[in-house]
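Me: I have a structure to read. Please take me through it feature by feature.

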Amino acid sequence: MKKTIYISGPITAATDEQQALNLRAFFKAEAKLQKLGFVVLNPAVLPVGLPYKSYMQIDVAMLQVCDCIYMLIGHACSPGAKGELAIAKSIKLEEFYESEGDDALIRSMAGYFVESNKATSQDLSTEFVDK
């Protein structure tokens, strides 16, 4: 059975340009995690215009149905992401952290998918490289 993973990181930003970059990071991570075989819950798909409290309530509900959390680079600067990580820790979700090259992620996650998808670590590395 596929594992469910929640993406956490900064979404809101001081400028529209930075917010667009943040959102792009969520969708890029979603695509990579789906290729690895996860069912991905991405809070960046939520509609614009809700109060912050509503976003956090929805995010908590999403976290509660997950097996894992994936922390994007920059999560430590986001109050919402720090709260999500605290909740993930309290409900004992497995934690994964984005790294600059994603090599650590490939190594840490490969065990889930090599067996279930009959892929090799090299297959995962090749799929994970941006073209």
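This is a predicted model: local features need pLDDT of at least 70, side-chain atom pairs count only at pLDDT 80 or more; totals for chains, interfaces and linings use all residues.

Reply: Residues are numbered from 1 along each chain as its sequence is written, and side-chain values use heavy atoms, leaving out hydrogens and water.

Me: What span should helix α1 have, and how far apart are its end C-alpha atoms?

Reply: Helices (H or I, at least four residues) and strands (E, at least two) are DSSP runs, numbered from the N terminus. The expected span of a helix is 1.5 Å times one less than its number of residues. Helix α1 covers residues 16-35, 20 residues, so it should span 28 Å; its end C-alpha atoms are 29 Å apart, which agrees.

Me: Which residues of α1 are buried?

Reply: Buried means under 20% relative accessible area, exposed over 50%, partly exposed in between (1.4 Å probe, protein chains only). An α-helix has 3.6 residues a turn, so residues three or four places apart point the same way. In α1 the buried residues are Asn22, Phe26, Ala29, Glu30, Lys32 and Leu33.

Me: In which sense do β3 and β4 pair?

Reply: Two strands pair if DSSP finds at least two bridges between them. Strands β3 (residues 68-71) and β4 (residues 94-97) have four bridges, in the parallel sense. The chain gets from β3 to β4 through helix α3 (residues 79-90), and this β-α-β crossover is right-handed. Right-handed means that, with the strands pointing away from the viewer, the path from the first strand over the helix to the second runs clockwise.

Me: Where is histidine 75, and what does it touch?

Reply: Histidine 75 is in the loop between β3 and α3. It counts as buried because its relative accessible area is 19%. Contact means heavy atoms within 4.5 Å. Not counting residues up to four places away in sequence, histidine 75 touches Gly9, Pro10, Ala81, Lys82 and Tyr97. A polar contact is a pair of N or O atoms within 3.5 Å; within protein, one must be able to donate a hydrogen and the other to accept it, and residues adjacent in sequence count only if both atoms are side-chain atoms. A polar side-chain atom of histidine 75 lies 3.0 Å from the backbone oxygen of leucine 72.

Me: What is phi of lysine 92 near?

Reply: Most residues other than glycine have a negative phi. Lysine 92 has a positive one, near 60°. Lysine 92 sits in the loop between α3 and β4. At 71% relative accessibility, lysine 92 is exposed.
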